[in-house]
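Please read these points with the model open beside you.

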Amino acid sequence: PQPGPAPAPRPPAVGFVRQDPPPAKAVAGPNRLVVWRKGALVGLDPDGANETELLPDTLKLHPSMFTVSPDGKTAAVVRANALPGLARLHLQRLDKDAPSDGLGTAEIAAWSADGSQLVLCNVADAREPKDVKATTTIYTPATKARTPVKLPDNHVVTDWSRDGR
């Protein structure tokens with residue numbers, strides 16, 4: 001008997017097709033980490049090399065929070081106070097000797113995706129979470145304009161989504 005033709009290759013099963021992930025793109029921008037270390041806000045390379053202090057001596061108190069702008073050039077630094085509602089917010093260029101710009105009180109700050117604005121949130125002291133009172137403002141550093149955001153009193157803004165929504 002003669003063998004018949006070879007069977008046609010079977011198509012791969014749906015859902016089981018292997019696709020290699022696209023190659024990782026190099027990180028654009030300064031590619032530096034900013035951390036609080038040994039009593040100072042420092043910048044360093046991802047491998048831990050090239051450590052430099054970023055804040056002037058006048059701001060070297062431990063911040064309750066800080067956030068670096070998307071371009072890596074400016075930090076919003078919140079310095080806590082012993083009294084509720086009196087945390088001081090400073091906008092600080094990260095070239096070491098640049099002066100800081102005091103922005104008043106805020107406990108929370110977050111940058112917009114393009115780095116042109118900050119959302120600032122002040123939170124009043126409350127004994128119970130349900131009693132929290134907060135006010136939210138959009139601050140534009142280029143113009144120093146402040147725009148109130150109308151949210152319910154008990155809403156605390158903690159970040160600004162990267163897609164801006």
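1. Confidence differs along this predicted model. Strand E7 (residues 100–105) has the lowest confidence in the chain, with a mean of 72, while strand E11 (residues 145–149) has the highest, at 92. Over the chain as a whole the average pLDDT is 75, and 67% of the residues score at least 70.

2. Strands E1, E2 and E3 form an open sheet, in the order E1-E2-E3, with antiparallel pairing. Strand E1 (33–37) and strand E3 (52–53) are at the edges; each has a single partner strand, so one side of each has no neighbour in the sheet.

3. E1 pairs with strand E2 (residues 40–44) over 5 bridges, in the antiparallel sense. To find the pairing on screen, look for Val35, which stands opposite Val42 in E2. In general, strands of a sheet pair through backbone hydrogen bonds, either parallel or antiparallel.

4. Ile108 has Cys121 in E9 as its bridge partner. Between the two strands of this hairpin lie 6 residues, and Gly115 takes a positive phi near 75°.

5. E9 also pairs with strand E10 (residues 133–140): the two run antiparallel and are joined by 7 bridges. Here Ala124 stands opposite Lys133 in E10.

6. The largest pocket has a volume of about 220 Å³. It is lined by 11 residues, and those closest to its centre are Arg32, Leu33, Val34, Val68 and Gly72. Which strand gives the most to the lining of the largest pocket? It is E1, with 3 residues. By type, the lining of the largest pocket has 7 nonpolar residues, 3 polar and 1 charged.

7. Thr158 belongs to the segment after E11. Is Thr158 buried or exposed? Its relative accessibility is 60%, and exposed means over 50%, so Thr158 counts as exposed.

8. Thr158 also has partners from another part of the chain. Apart from neighbours within four places in sequence, Thr158 is in contact with Ile108 and Ala110. Thr158 and Ile108 are 50 residues apart along the chain, yet their C-alpha atoms are separated by 6.4 Å.

Technical notes
Residues numbered from 1 in each chain as written. Predicted model: local features only at pLDDT ≥ 70, side-chain atom pairs only at ≥ 80, totals over all residues. Heavy atoms only, no water. Pairing = 2+ DSSP bridges. Helix = DSSP H or I, 4+ residues; strand = E, 2+ residues; numbered from the N terminus. pLDDT = per-residue confidence, 0-100. 1 Å grid on protein atoms, 1.4 Å probe; cavity = no way out; pocket = protein on both sides within 12 Å on 5 of 7 lines; lining within 4 Å. Points joined across faces, edges and corners; volume = space filled by probe spheres on them. Nonpolar A, V, L, I, M, F, W, Y, C, P; charged D, E, K, R; others polar. Buried < 20%, exposed > 50% of the residue type's maximum accessible area, 1.4 Å probe, protein only. Contact = heavy atoms within 4.5 Å.
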